[in-house]
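Dear colleague,

Here is the structure that I promised to pass on to you.

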Amino acid sequence: MAVRTRLTVWYTIVTAGILALYLLLSLALLRAQLLRQVDRQLAEHAREVRDALLQRTDFRQAVDEGRIQLPAVPPGAPPIYLQVVRGNESVAARSPNLIGWRLPLDMDLVALNVQGRAAHKTLITEESTPLRLYSLPLMDSGRMVGAVQAGYPLLDIEQTLQRTWTTLAVGGILMLLVLSLAGWWLASLALRPVDHITRAALQIADTPDLRQRLPLPRVRDETYRLVSTFNALLDRLARVIDAQQRLGADVSHELRTPLTTIRGNVALLRRGAADDPQEREIALDAIEAEVNRMSRLVADLLLLAQADTGMQLEKQLVEMDTLLLEVYRQAQAMAAVGSGGVERVAVRLGHEDQALVLGDPDRLRQLLLNLVDNAIKYTPRGGTITLSLYREGGWVRVSVQDTGVGIPPEALPHIFERFFRMPRQGRKGVGLGLAIARWIAEAHGGRLEVESQVGQGSTFTLWLPEAEGFAPS
Ligand code: ADP
């Protein structure tokens, strides 16, 4: 069932319940009020008769002998019946309108009268019509000698109540009908924005263009929140799809270049280069270098893919100073490669504190080597690279400082993005190194920062939380 129908049905059920309760209560109150009025009149009449009787000196005799004249009901007045009974329940006198029958006898009323108490009760007569009866005891020196009874047929009250009930019920049903229609209209009004959003969302879903957004309502209500949440979701989706597309394009681009080189060298070998040992070595070296490059790329991509799926690191206590020393030695070897064993750039060890962190030593080594590799790549001959380690207020700070080409300020916010490379720097890297380094830092609860000046050099700083309780003294 549609929400609109469901809302209307519930609204109608609740309204019908409230209306019915209201009608029943009103009728019960009306009935009680009418009965009270009748009771008052009956009591008044009975008291008048009793007071008149008690004023007579021959009151006992008059009752015994039935010498009592009861007043006739004037024409147009309510049809009240009056009757005086003796102690033995025989009738002593009755009003002229009671000719032919007597007011019924009720033992409950008699029992109360005997105790000297007057009482009201509704009785059903032999003709099956309701009759209201009031019985007032006639007392003489503390003993009941008889009773004055006044009765009133409730038929017209019942009829009045019946008529009122019919009128109110018909009115209630009409009112319910109108209220249901109003409920349907209100539900439609409240749900209209949802309809709009659904239609707009369907339109967006039908087009391949994910740049479209839902129009924001002017009022900041629930609909506004729904629309902005939906738009934020679309933004995120568009970003993810965009990154995915870029990744696909970048990966294929990165793989195409080494494959072309490999294919070219294989063709060279086929054409006879294999016969010349020197040419063969050059071709095989080129193939090996490209295969290594592809392997690195695939390994990096795999690591980032695992990072995206929330890979957990296997952490242990790591002596950062020892790790940095290892990286320093490796950096010296890296700086010497291709320079005939002579360092192209100088690698120095700066300040070094002792520090322990909780982490994955292989990943931390990979992080620092990525930084060192970049520092070597982007520092011209004769430059210096300095590695330092400081312990500072619960943090371990490792910095890799170079005197290289530096990074222009407009590129700084992007260098940690996947596949970001500065233009015009040739094929020095694929642009995944810093993305991996930042992920490793963050997976250790730390962060990676950079400061750089074009032509002066760059400093990459890694902050890691110091292993608590294990701080070396
Ligand atoms: P790449 O594999 O290209 O080095 P990275 O993610 O490691 O990829 O670095 C991204 C870009 O940041 C590099 O292309 C380079 O332009 C710049 N960069 C990184 N480190 C340095 C550095 N020490 N000096 C100058 N530029 C750097």
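Which are the buried residues of α6? Before the answer, a word on the basis: this is a predicted model, in which local features need pLDDT of at least 70 and side-chain atom pairs count only at pLDDT 80 or more, while totals for chains, interfaces and linings use all residues. Residues are numbered from 1 along each chain as its sequence is written, and side-chain values use heavy atoms, with hydrogens and water left out.

The buried residues of α6 are A283, I287, E290, R293, M294, L297, D300, L301, L303, L304 and A307, where buried means under 20% relative accessible area, exposed over 50% and partly exposed in between, with a 1.4 Å probe and protein chains only. An α-helix has 3.6 residues a turn, so residues three or four places apart point the same way. Among the elements that cover these buried residues are α5 (222-270), α8 (361-377) and α9 (433-443); helices (H or I, at least four residues) and strands (E, at least two) are DSSP runs, numbered from the N terminus.

After α6 comes G310, which has a positive phi near 80 degrees.

Turning to open space, the largest pocket has a volume of about 960 Å³. Its lining is made up of 36 residues, of which D373, N374, K377, G429 and G433 are the closest to the centre of the pocket. Two or more lining residues come from each of α6, α7 (320-336), α8, α9 and β12 (457-465), and α8 gives the largest share, seven residues. For these terms, on a 1 Å grid over the protein atoms alone, a cavity is a set of points where a 1.4 Å probe fits but cannot get out, and a pocket is an open set with protein on both sides within 12 Å along at least five of seven lines; lining residues have an atom within 4 Å of a point. Grid points are joined across faces, edges and corners, and a volume is the space filled by probe spheres set on the points.

The structure also holds one cavity of 30 Å³ or more, and the largest cavity has a volume of about 50 Å³. Residues that line the largest cavity include V85, R86, E89, D106 and L109, and β1 (81-86), α3 (107-114) and β5 (143-153) each supply at least two residues of that lining.

Finally, two loop residues deserve a look. Most residues other than glycine have a negative phi. S128, in the loop between β3 (119-124) and β4 (130-140), has a positive phi near 65 degrees and counts as exposed because its relative accessibility is 57%. F419, in the loop between β10 (395-402) and α9, has a positive phi of about 65 degrees although it is not a glycine, and F419 is buried, with a relative accessible area of 10%.

With best regards

Note on methods: Contact = heavy atoms within 4.5 Å.
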